[in-house]
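Here are some notes on the model, for reading alongside the sequence. Please check each point against the structure as you go.

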Amino acid sequence: MADHTTGTGLMQTANGTTTAGLAIWRQTVSVVPGTDYTFSAWGASSFSINPALLSFRANDVEFLTLQLPVGVGLWTPATTVLNAGVNSSIEFEIVDLTIEGFGNDLTLDDISLDGLIPTVPEPASVALLAFFASCSFLGRDARKSE
Ligand SMILES: [Ca+2]
């Protein structure tokens with residue numbers, strides 16, 4: 001099975017657990033409080049029996065689920081916008097809700113968190129344009145990826 005990024009790169013394959021609540025992947029990232037971020041990840045089944053149901057969690061709160069398909073190697077996206085709220089860091093976790101020892105094999109790739117660039121319809125001055133150019137740079141700089 002080829003990875004999602006380039007077809008020849010790295011990915012993470014996991015043998016789903018029979019113990020509920022264990023994280024397949026976990027990472028804590030710094031965020032700016034009150035800022036919107038786009039979280040995205042790709043998942044695929046590595047075996048056709050008992051495909052994984054993935055739970056994406058931020059500071060222990062589920063914000064997204066992804067049911068992987070039965071077909072092997074079919075990369076499936078999971079993406080949503082979430083706000084940092086009062087947090088200056090967020091611990092992200094991916095947990096497999098399919099509690100099965102037979103099958104339940106999955107692969108993850110391209111997990112990312114991107115800061116959103118603020119947009120307004122008609123910038124009124126050069127100063128405003130410069131402000132948004134700066135935000136664009138910060139948005140790229142804030143990218144976290146695996
Ligand atoms: Ca990859």
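1. Of the chain's 146 residues, 23% are buried (20 or more other C-beta atoms within 10 Å of the residue's own; exposed means 12 or fewer, partly exposed in between; C-beta atoms are placed from the backbone). This is a predicted model, in which local features need pLDDT of at least 70, side-chain atom pairs count only at pLDDT 80 or more, and totals for chains, interfaces and linings use all residues. Residues are numbered from 1 along each chain as its sequence is written.

2. Helices (H or I, at least four residues) and strands (E, at least two) are DSSP runs, numbered from the N terminus.

3. Strand E3 (residues 36-45) is largely enclosed by the rest of the structure, because seven of its 10 residues are buried. E3 pairs antiparallel with strand E6 (residues 76-83) over eight bridges, and eight bridges also join E3, again antiparallel, to strand E8 (residues 105-115). Strands pair if DSSP finds at least two bridges between them.

4. Which residues does serine 40 face in E6 and E8? Serine 40 stands opposite threonine 79 in E6, and its bridge partner in E8 is serine 112.

5. Leucine 64 lies in strand E5 (residues 61-67). Leucine 64 counts as partly exposed because it has 17 C-beta neighbours inside 10 Å. Leaving out residues up to four places away in sequence, leucine 64 touches Phe56, Ala78 and Thr80 (contact: C-beta atoms, placed from the backbone, within 7 Å). The C-alpha atoms of leucine 64 and alanine 78 are separated by 7.6 Å.

Conventions:
Contact = placed C-beta atoms within 7 Å.
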